[in-house]
Amino acid sequence: MREPNQLWAFARFLLVGGSFSLAYALVMAALIGMVDAPPLPTSMIVYLLCIPLAFLAQKKFTFRDDQSGKAAMLIYGVTQLGSLTFVSAISSRFVTKNFILDTGLFLVTAGTAAVISYLICRYVIFKPQ
């Protein structure tokens, strides 16, 4: 695959991930704010529901893959749960309660998780045939 195609694939990957992050945030805010849903179980359920939908979007839109194996969804799910664990562990361990520093921390950890997730998707889950 050519370099410009990889850059476009990465841009599509970020668009899909960003869209699902925004949808997750909006659904969570609505459920907690309007329905008074309990935050932790609601967060877990909504996040888990997003995984298969995001997988399909990444498969069809980002990587345009029609040949991934049966384990692809499982690997994708594990990758997403690993990313969530990584971001949560690092963020909670090094949080400073300083808005500027914590914003940087969250951006760096989320960005690192996104790049690692992209590489796993690109070279393991949806590897070029």
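Ile75, Val115, Leu119, Tyr123 and Val124 make a nonpolar surface patch of about 410 Å², and helix H4 gives the most to the patch, with 4 residues. Patches here are built from residues with over 30% relative accessible area and no salt bridge, joining like charges within 9 Å and nonpolar side chains (Val, Leu, Ile, Met, Phe, Trp, Tyr) within 5 Å. A salt bridge is a side-chain nitrogen of Lys or Arg within 4 Å of a carboxyl oxygen of Asp or Glu, and accessible areas come from the Shrake-Rupley method with a 1.4 Å probe, where for residues only the protein chains shown count as cover.

Please keep in mind that this is a predicted model, in which local features need pLDDT of at least 70 and side-chain atom pairs count only at pLDDT 80 or more, while totals for chains, interfaces and linings use all residues. Residues are numbered from 1 along each chain as its sequence is written, and side-chain values use heavy atoms, with hydrogens and water left out.

**Overall fold**
- The chain has 4 helices and 0 strands, in the order α-α-α-α along the sequence; helices (H or I, at least four residues) and strands (E, at least two) are DSSP runs numbered from the N terminus.
- Along the principal axes, the C-alpha atoms fill a box of roughly 45 × 30 × 20 Å.
- Of the 129 residues in the chain, 29% count as buried, where buried means under 20% relative accessible area, exposed over 50%, and partly exposed in between (1.4 Å probe, protein chains only).

**Helix H4**
- H4 covers residues 99-125, and its 27 residues should span 39 Å at 1.5 Å a residue; the end C-alpha atoms are 36 Å apart, which agrees. The expected span is 1.5 Å times one less than the number of residues.
- At the start of H4, a side-chain oxygen of Asn98 comes to within 3.0 Å of the backbone nitrogen of Ile100. A polar contact is a pair of N or O atoms within 3.5 Å; within protein, one must be able to donate a hydrogen and the other to accept it, and residues adjacent in sequence count only if both atoms are side-chain atoms.
- The buried residues in H4 are Asp102, Leu105, Thr109, Ala113, Ser117, Tyr118, Cys121, Arg122 and Ile125.
- As a reminder, an α-helix has 3.6 residues a turn, so residues three or four places apart point the same way.
- Thr109 has 4% relative accessibility and therefore counts as buried; its side chain reaches the backbone oxygen of Phe106 at 3.2 Å.
- Val124, also placed in H4, counts as partly exposed because its relative accessibility is 44%.

**Cysteines**
- The structure holds 0 disulfides, a disulfide being a pair of cysteine sulfur atoms within 2.5 Å.
- For Cys50, the closest cysteine sulfur is that of Cys121, 15 Å away, which is too far for a bond.
- Cys50 counts as buried because its relative accessibility is 16%, and Cys121 is buried at 0%.

**Loops with positive phi**
- Asp36 has a positive phi of about 60° although it is not a glycine. Asp36 sits in the loop between helix H1 (3-35) and helix H2 (39-62), and is exposed, with a relative accessible area of 67%.
- Lys97, another residue other than glycine, has a positive phi near 70°. Lys97 lies in the loop between helix H3 (72-94) and H4, and its relative accessible area of 78% makes it exposed.
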